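Thanks for making time this morning. I would like to walk you through one model, with the sequence and the coordinates open beside us as we go.

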Amino acid sequence: MASSNDTQPSFGDEFDPLLKNHSQSPSKSDPGRPLTHNPQAARRQLPTAVRSGAYLPICFLPLALVAGYSQWNPVLVFLYNLFAIIALSAIISDSSQQLTTHTSDLTGALINTVPRKAVGLSLGAWAVASREIYVAQSLAIGAILSEILLILGCSMIAASYRTDILYFNQPITNTLSSLMLAISTVLVLPSVLATSFPYELGDRTVAFSRGVSAVLLCVYAGYLYFQLGTHRHLFPQQPRTENPDGAHGEADTAHELPRTVSGKAKALLILTLATVATIICSKFLADTLVITAARLHLSKTLVAATLVPLATTGATGVSMIRGSAASQDVDGAVCAVVQSVVHVGLFGMPALVLLGWALAKPMSLVFDVFEVVVLFFSVLLVNGVLRGGRYSVVHGVALVAMYAILTLAFCVR
């Protein structure tokens with residue numbers, strides 16, 4: 001009989017269908033044991049966002065839309081839309097998860113790239129359109145920091161607080177940590193170039209950023225090809241729904257087909273409506289972010305790099321932490337976090353730079369020096385933890401403490 005650990009549902013399914021079979025951790029005594037996955041058990045679980053109450057702030061959506069279109073007090077507009085986006089992020093996450101079970105691998109990858117990143121992309125796009133370049137850059141930096149420090153740190157604490165030492169699945173974590181370090185290095189290069197000259201480079205840094213962005217988008221396309229083509233065996237796919245009784249396979253298929261089509265249509269409709277609502281709320285949020293920070297006497301960096309990313313990643317963050325606590329491993333969380341860094345670094349930021357080029361806005365990859373230093377050393381810290389091959393509560397506390405210290409630093413920026 002299978003043990004309870006073998007039937008534990010994999011929480012990594014919620015974040016990337018291309019990494020589903022990696023969300024179970026090896027045992028503490030055998031860090032090299034192959035990973036297992038039980039899709040039947042996972043299907044019986046309700047969406048984590050529903051169970052965590054992440055849908056509750058959806059009641060703010062009507063207020064957010066009315067306040068935005070009626071031009072109420074900017075602080076109220078910002079807060080209403082911020083709460084609405086928390087629920088919309090959860091809805092997009094769950095509907096994307098449901099939709100990917102009815103689509104091909106490539107379509108599933110695109111669904112997990114565009115709609116599930118709609119909040120960050122739309123916020124950044126509206127900020128670029130309003131020439132709030134610093135806000136757009138801070139949003140991207142904040143999204144990465146919240147994932148690799150706060151969410152990953154809390155996941156480690158949740159997974160290991162009842163044990164002594166746990167092990168990473170090193171073939172996965174070593175590869176993903178190297179990829180994360182490479183992406184962060186590329187992102188800081190334009191800033192290093194701009195600060196290494198004793199005079200202002202002007203438009204040349206913007207032109208250099210556009211060239212780098214074009215290259216990064218090509219690398220992202222190659223990364224997807226690597227996942228879905230040449231090395232897809234490294235990213236096992238979740239098996240499609242199979243009929244356990246071959247004698248009635250044809251009849252059962254005919255019976256399940258209408259239900260499958262109905263489920264796909266419902267998930268697609270919900271995803272579309274939630275994405276449209278997210279884009280609208282993101283516009284109101286971006287339009288009122290700066291003035292809200294000024295009226296509340298808060299740092300613009302604190303709001304853009306901390307408060308907004310916490311709202312946009314809250315649903316998936318709670319899912320990762322709950323899943324880590326249930327399964328006592330963080331392999332799924334590591335996969336999800338690094339995937340998020342890949343999407344932001346290779347797709348999100350380059351797309352915003354090219355959007356700024358199309359709109360004749362000076363969007364570039366030249367970040368504030370403090371943010372560059374913070375990003376690079378945070379990635380080095382996480383990379384060192386992952387390369388160590390083992391972790392405990394202390395490692396998680398160190399990551400969360402680092403995030404808390406950075407939040408305090410953002411307060412005075």
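Let me begin with a question: leaving aside its neighbours within four places in sequence, which residues is Ser184 in contact with? In this model, which is a predicted one, the answer is Phe376 and Val379. Ser184 sits in helix H8, which spans residues 170-195, and with a relative accessibility of 4% it counts as buried, because the cut-off for that class is under 20%. A polar atom of the Ser184 side chain also lies 2.8 Å from the backbone oxygen of Leu181.

Before going further, a word on confidence. The protein chain has an average pLDDT of 76, and 74% of the residues score at least 70. Helix H14, residues 393-411, has the highest mean in the chain, at 91, whereas helix H1, residues 39-43, has the lowest, at 34. Over residues 1-51 the pLDDT stays under 50, and for that stretch the model has 129 contacts beyond four places in sequence. The pLDDT is also below 50 over residues 238-255, a stretch with 19 contacts in the model beyond near neighbours in sequence.

Ser282 is found in helix H10, residues 249-295, and its relative accessibility of 0% places it among the buried residues. The Ser282 side chain reaches the backbone oxygen of Thr278 at 2.6 Å. If we do not count residues up to four places away in sequence, Ser282 touches Ile85, Val119, Ser122, Leu123 and Trp126.

Now let us turn to helix H14. Its 19 residues reach 27 Å from the first C-alpha to the last, close to the 27 Å expected at 1.5 Å a residue. Gly396, Leu399, Tyr403, Leu406, Thr407 and Phe410 are buried in H14, and since they cover an arc of only 105° around the axis, they are on the same side of the helix.

What covers the buried residues of H14? The cover includes helix H7 (133-160), helix H11 (300-327) and helix H13 (369-387). From H11 we can pick out Leu302, which counts as buried because its relative accessibility is 10%. Leu302 and Cys411 are 109 residues apart in sequence, yet their C-alpha atoms are 5.5 Å apart in space. Apart from residues up to four places away in sequence, Leu302 touches Leu307, Thr407, Phe410 and Cys411.

Finally, two places in the backbone deserve a careful look. In general, most residues other than glycine have a negative phi. Gln71, however, has a phi near 60°, a positive value, and this residue lies in the loop between helix H3 (60-70) and helix H4 (74-100). Arg131 likewise has a positive phi, near 65°, and its place is in the loop between helix H6 (118-129) and H7. Are these two residues buried or exposed? Gln71 counts as exposed, because its relative accessibility is 70%, whereas Arg131, at 48%, counts as partly exposed.

Definitions and conventions
Residues are numbered from 1 along each chain as its sequence is written. This is a predicted model: local features need pLDDT of at least 70, side-chain atom pairs count only at pLDDT 80 or more; totals for chains, interfaces and linings use all residues. Side-chain values use heavy atoms; hydrogens and water are left out. pLDDT is the predictor's confidence in each residue, from 0 to 100. Helices (H or I, at least four residues) and strands (E, at least two) are DSSP runs, numbered from the N terminus. Contact means heavy atoms within 4.5 Å. Buried means under 20% relative accessible area, exposed over 50%, partly exposed in between (1.4 Å probe, protein chains only). A polar contact is a pair of N or O atoms within 3.5 Å; within protein, one must be able to donate a hydrogen and the other to accept it, and residues adjacent in sequence count only if both atoms are side-chain atoms. The expected span of a helix is 1.5 Å times one less than its number of residues. The arc is that of the directions from the helix axis to the C-beta atoms.
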